[in-house]
Amino acid sequence: WCGRCSAIGCRGCQSGGGGGEAMAAYQSLLQEYRRMPTVTRAYTTACVLTTAAVQLEFITPFQLYFNPDLIVKKYQVWRLLTNFLFFGPLGFSFLFNMIFLYRYCRMLEEGSFRGRTADFLLMFIFGGFLMTVSFLQCT
């Protein structure tokens, strides 16, 4: 029995760390987050926060999707941006989407766009603009 937490075979208290492994994991995760390039960190964070807001039912996916009529007639201009932030409900699909988003955005920002953060952001905006225009052309 552990004298600190009353658990059987508690490794954290026995080693004197009192949960030191969890704190070290948190610190390394936080350190990795801070080392992410600016645009990659901002976009990944926005995607995770948007999905968390939907999962916690603060907002619904129906408030996020791209709808040209609502944008023009009801001035819901946030839909121009939010449709690029929501990747579906939490699950394996979302996890893999975030892993790929993080990996490839980081590779681009640190590779092809090294030292040119504004150019990377402009490429992001231009890509979103082209996808929006192509969607409007198809409908």
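Is Thr-82 buried or exposed? In this predicted model, local features require pLDDT of at least 70 and side-chain atom pairs count only at pLDDT 80 or more, whereas totals for chains, interfaces and linings use all residues. Residues are numbered from 1 along each chain as its sequence is written, and side-chain values use heavy atoms, with hydrogens and water left out. Thr-82 has a relative accessible area of 12% and is therefore buried, the term denoting under 20% relative accessible area, with exposed meaning over 50% and partly exposed in between (1.4 Å probe, protein chains only). Thr-82 belongs to helix α5. Beyond its neighbours within four places in sequence, Thr-82 is in contact with Gln-63 and Leu-64, contact being defined as heavy atoms within 4.5 Å.

The protein chain contains seven helices and zero strands, and its order of elements from the N terminus is α-α-α-α-α-α-α. Helices (H or I, at least four residues) and strands (E, at least two) are DSSP runs, numbered from the N terminus. The chain has 139 residues, of which 25% are buried. Among its contacts with a separation of 6 or more, 51% involve residues 24 or more positions apart. The accessible surface amounts to about 10100 Å², and carbon and sulfur atoms contribute 66% of this area; such areas come from the Shrake-Rupley method with a 1.4 Å probe, and for residues only the protein chains shown count as cover.

The largest nonpolar core comprises 10 residues, namely Val-39, Tyr-43, Cys-47, Leu-85, Phe-94, Met-98, Leu-101, Cys-105, Phe-113 and Phe-120. A nonpolar core is a set of buried Ala, Val, Leu, Ile, Met, Phe, Trp, Tyr and Cys residues joined through side-chain atoms within 4.5 Å. Helices α3 and α6 are the elements that supply two or more residues to this core, and α6 provides the largest share, with four residues. Apart from neighbours within four places in sequence, Cys-47 touches Phe-84, Leu-85, Phe-87, Phe-94, Met-98 and Leu-101 through contacts.

The end C-alpha atoms of α6 are 27 Å apart, in agreement with the 27 Å that its 19 residues should span at 1.5 Å a residue; the expected span is 1.5 Å times one less than the number of residues. Phe-94, Met-98, Leu-101, Cys-105, Arg-106 and Glu-109 are the buried residues of α6. These residues lie on the same side of α6, because they cover an arc of only 110° around the axis, the arc being that of the directions from the helix axis to the C-beta atoms.

Helix α7 (residues 117-138) has 22 residues and reaches 32 Å from its first C-alpha to its last, close to the expected 32 Å. Its buried residues are Phe-120, Gly-128 and Thr-132. They fall within an arc of 115° when seen down the axis of α7, so they line one face of the helix. Packing of these buried residues is against α3 (38-55), α5 (79-82) and α6 (92-110). On the other side of α7, the exposed residues are Ala-118, Leu-122, Phe-129 and Gln-137.

Zero disulfides are found in a search of the whole structure, a disulfide being a pair of cysteine sulfur atoms within 2.5 Å. The cysteine sulfur closest to that of Cys-105 is in Cys-47, at 8.4 Å, which is too far for a bond. Cys-105 counts as buried, with 8% relative accessibility, whereas Cys-138 counts as exposed at 69%.
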